[in-house]
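Subject: Structure handover

Hello,

Here is the structure I promised to pass on. My notes on it follow below.

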Amino acid sequence: MLLPPSSLPKPYAASHLPLNFNKFTSCPSSTATTTKTSLIVCTLFRDSTRHRMGEETKDSESVVLQRPDSFGRFGKFGGKYVPETLMYALSELESAFKSLARDQDFQKELDGILRDYVGRESPLYFAERLTEHYKHPNGEGPDIYLKREDLNHTGAHKINNAVAQALLAKRLGKQRIIAETGAGQHGVATATVCARFGLQCIVYMGAQDMERQSLNVFRMRLLGAEVCFSCLILLIFNY
């Protein structure tokens, strides 16, 4: 995480964080016409007012499009292209998500688990030597902070959404979670929350991945998950 020198105090304290992470905007570089390049500018705001290239615009919430729409499209892209037999399950999931996203009891339970079980909010670590390494000869340069998601339970960011998915499944009355994983970290997080909430867990994983990531396979099975081979079958039709 690269931030301007004045953005955060040294050492970092969560209560001193001066900015809210609201919006990211992309702006063309002012030198684009001469250098044929452009910059992506990520801006942090204290409120919902957006500034672009030094000019104040409308409230950002009023210009944000609702995406995806009711057909699952992002503008002219995307869409729900799935077998008809899955549409009921997807509609059920979408309705439950929209309802629980505004459910204060659900959010309170989720926040409590993320805090007490996962270990969030994960801290920022001031990388002092890395900051010094990138200082300019005149002493200026960014202060570099590392977001320590590796300190979460199971050692990665994967468990953040796995917890919410398990809670959502329980609210829907589901008793089994199915996941797919490559390196195994998502599978470990899913198996962990399933063990936490008493849900059956089946994790699909490629044969070579299972061999390369045998330690994560061991962890998933230790947590009670069933780890299965998954394969991709290509059907070639000649017309």
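To start with the charged side chains: glutamate 149 and lysine 147 meet in a salt bridge, with 3.1 Å from N to O. Please keep in mind that this is a predicted model. Lysine 147 is partly exposed, since its relative accessibility is 35%. Glutamate 149 has a relative accessibility of 17% and counts as buried, because the cut-off for buried is under 20%.

Glutamate 149 has another partner. It also forms a salt bridge with arginine 120, where the closest N and O atoms are 2.9 Å apart. Arginine 120 sits in the loop between helix 4 and strand 6 (124-126), and glutamate 149 in the loop between strand 7 (143-147) and helix 6, so this pair ties together parts that are 29 residues apart in sequence. Arginine 120 is partly exposed, at 26% relative accessible area.

A further salt bridge joins the side chains of aspartate 143 and lysine 135, at 3.7 Å from N to O. Aspartate 143 is buried, with 3% relative accessibility, whereas lysine 135 is partly exposed at 24%. Asp103, Glu109 and Arg171 are linked in a network of salt bridges. In total, the structure holds ten salt bridges.

In soluble globular proteins, nonpolar side chains tend to be buried together. The largest nonpolar core here has 30 residues, and those with the most contacts inside it are Val163, Leu167, Val193, Phe197 and Met220. At least two residues each come from helix 3, helix 4 (104-118), helix 6, helix 7, strand 9 (200-206) and helix 9 (214-222). Helix 6 supplies the largest share of this core, seven residues.

Which residues does phenylalanine 197 touch, leaving aside those up to four places away in sequence? They are Ile113, Val163, Ala166, Leu167 and Lys170.

Last, the largest pocket. It contains about 1,000 Å³ of space. Its lining is made of 33 residues, and Ala89, Leu90, Leu93, Glu94 and Leu168 lie nearest the centre. By class, the lining has 18 nonpolar, seven polar and eight charged residues. Helix 3 (87-100), helix 6 (158-171), strand 8 (176-181) and helix 7 (185-197) each give at least two residues to this lining. Helix 3 gives the most, with seven residues.

Regards

Note on methods: Residues numbered from 1 in each chain as written. Predicted model: local features only at pLDDT ≥ 70, side-chain atom pairs only at ≥ 80, totals over all residues. Heavy atoms only, no water. 1 Å grid on protein atoms, 1.4 Å probe; cavity = no way out; pocket = protein on both sides within 12 Å on 5 of 7 lines; lining within 4 Å. Points joined across faces, edges and corners; volume = space filled by probe spheres on them. Helix = DSSP H or I, 4+ residues; strand = E, 2+ residues; numbered from the N terminus. Nonpolar A, V, L, I, M, F, W, Y, C, P; charged D, E, K, R; others polar. Core = buried A, V, L, I, M, F, W, Y, C linked by side-chain atoms within 4.5 Å. Buried < 20%, exposed > 50% of the residue type's maximum accessible area, 1.4 Å probe, protein only. Contact = heavy atoms within 4.5 Å. Salt bridge = Lys/Arg side-chain N within 4 Å of Asp/Glu carboxyl O.
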